[in-house]
Amino acid sequence: LAFSRRAVLVLCADNGVVAEGVSCAPQSVTVQQAVNMTRHKTGMSALAAYFGDQVQVVDVGICVPVSCPQVLDRKVRFSTGDIAAEPAMTEQEALRALSVGLDLAHMAKEEGIDAVGVGEMGIGNTTTSSAVTAVLLGLAIETVTGRGAGLSNEGLVRKLDAIHRAIDINCPDASDPMDVLCKLGGFDIAGMAGIFLGGALYR
């Protein structure tokens, strides 16, 4: 099967958990990189341009307004909550982010795209993804959590502590993926899940 028309869909969102000192990069990098991707100034977007693949950058929860017209505005909210202190999002917000992904898959199908690459951008999102993974797979937090973009030893300790507190405070139900998403996830994770579901739906 020849995939002659390809697109990369990138879900961009900020994460309130950065307030816990879990990242070595400032939160402003999220919007900077979102814009850079539209200008072929990141590794992914440069490679996509070389191979003739479309790139669609989507704002599902960046913490500031995005002035770049090439970034598709599907903002659910300005960042999630700090999972170490509160749930990441409401169920309604999670459903909205999922629907963004479903819509993106439908748009790709309508445009004749044969295959999509799916990605994300958001400072702090290796913390949320580690928290979600630990709960859904029933694994130790330390097993599924790394240094992200290069945390120091002290930063890794803060990251692990934030995830432990997030799970203790929010008490996610491992048998209910939506509950886990709402309490520990990110808008980027929800949007990507929507694309995966839409990819299956629209083949």
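## Lysine 75, tucked away

Let's start with lysine 75. In this predicted model, lysine 75 has a relative accessibility of 16%, so it counts as buried, the cut-off being under 20%. You'll find lysine 75 in the loop between strand E3 (71-73) and H3.

What does the side chain of lysine 75 join up with? A polar contact of 2.6 Å links it to the side chain of aspartate 59. If you skip the neighbours within four places in sequence, lysine 75 is in contact with Asp59, Val60, Gly61, Ile62, Val64 and Arg96.

With a relative accessibility of 7%, serine 79 counts as buried because that is under 20%. Its backbone is worth a look too: phi of serine 79 is near 75°, which is positive even though the residue isn't glycine. For background, most residues other than glycine have a negative phi.

Now for asparagine 15, which sits in the loop between E1 and helix H1 (29-38). Is asparagine 15 buried or exposed? Its relative accessibility is 0%, so it counts as buried. Leaving out residues up to four places away in sequence, asparagine 15 touches Gln27, Ser79, Thr80, Gly122, Ile123, Gly124, Asn125, Thr128, Gly186 and Asp188. Notice that serine 79 is one of these partners.

## The nonpolar cores

Nonpolar side chains in soluble globular proteins tend to be buried together. Here, the largest nonpolar core has 37 residues. Which of them touch the most other members? They are Leu11, Val58, Val60, Met89, Leu104, Leu184 and Phe187. Two or more residues each come from strand E1 (6-13), strand E2 (54-61), helix H3 (91-110), helix H4 (125-137), helix H6 (153-170), helix H7 (177-184) and helix H8 (187-202). H6 gives the largest share, with six residues.

Zoom in on leucine 104 and, setting aside neighbours within four places in sequence, you'll see contacts with Leu9, Leu11, Val58, Leu72 and Ile195. There's also a second, separate core of twelve residues, and its members include Val10, Ala34, Val71 and Ile123.

## How H3 meets H8

For H3 and H8, the angle is about 40° and the axes are 7 Å apart. The two helices are therefore oblique to each other, and their crossing is right-handed.

Who makes the contact? On the H3 side, it's Glu93, Ala94, Ala97, Leu98, Gly101, Leu102, Leu104, Ala105, His106 and Lys109. On the H8 side, it's Phe187, Ala190, Gly191, Ala193, Gly194, Ile195, Leu197, Gly198, Gly199 and Tyr202.

## H4 and its two partners

Take H4 with H7 to begin with: their axes come within 10 Å and cross at roughly 150°. That makes H4 roughly antiparallel to H7, because the angle is over 145 degrees. The crossing is right-handed. In this pair, Thr128, Ala131, Val132, Val135 and Leu136 of H4 meet Pro177, Val180 and Leu184 of H7.

Next, H4 with H6: the axes come within 10 Å and cross at roughly 50°. At that angle, H4 is oblique to H6. H4 passes H6 in a right-handed crossing. Here the contact is made by Thr126, Thr127, Ser130, Ala131 and Val135 of H4 and by Lys159, Ile163 and Ile167 of H6. So which H4 residues turn up in the contact with H7 and also in the one with H6? Ala131 and Val135 do.

Valine 116 lies in strand E4 (residues 115-121). Its relative accessible area is 37%, so valine 116 is partly exposed. Apart from neighbours within four places in sequence, valine 116 is in contact with Ala7, Leu9, Ala108 and Ile195. How far apart are valine 116 and isoleucine 195? They are 79 residues apart in sequence and 9.1 Å apart in space, going from C-alpha to C-alpha.

Finally, arginine 203 lies in the segment after H8. Its phi is near 55°, another positive value in a residue other than glycine. With a relative accessibility of 82%, arginine 203 counts as exposed, because the cut-off for that is over 50%.

Technical notes:
Residues numbered from 1 in each chain as written. Predicted model: local features only at pLDDT ≥ 70, side-chain atom pairs only at ≥ 80, totals over all residues. Heavy atoms only, no water. Core = buried A, V, L, I, M, F, W, Y, C linked by side-chain atoms within 4.5 Å. Buried < 20%, exposed > 50% of the residue type's maximum accessible area, 1.4 Å probe, protein only. Helix = DSSP H or I, 4+ residues; strand = E, 2+ residues; numbered from the N terminus. Contact = heavy atoms within 4.5 Å. Polar contact = N/O pair within 3.5 Å; in protein donor to acceptor, adjacent residues only side chain to side chain. Axes fitted to C-alpha atoms, helices over the stretch in contact; angles between N-to-C directions. Parallel < 35°, antiparallel > 145°, perpendicular 65-115°, else oblique. Left-handed = near helix turned anticlockwise from the far one by under 90°.
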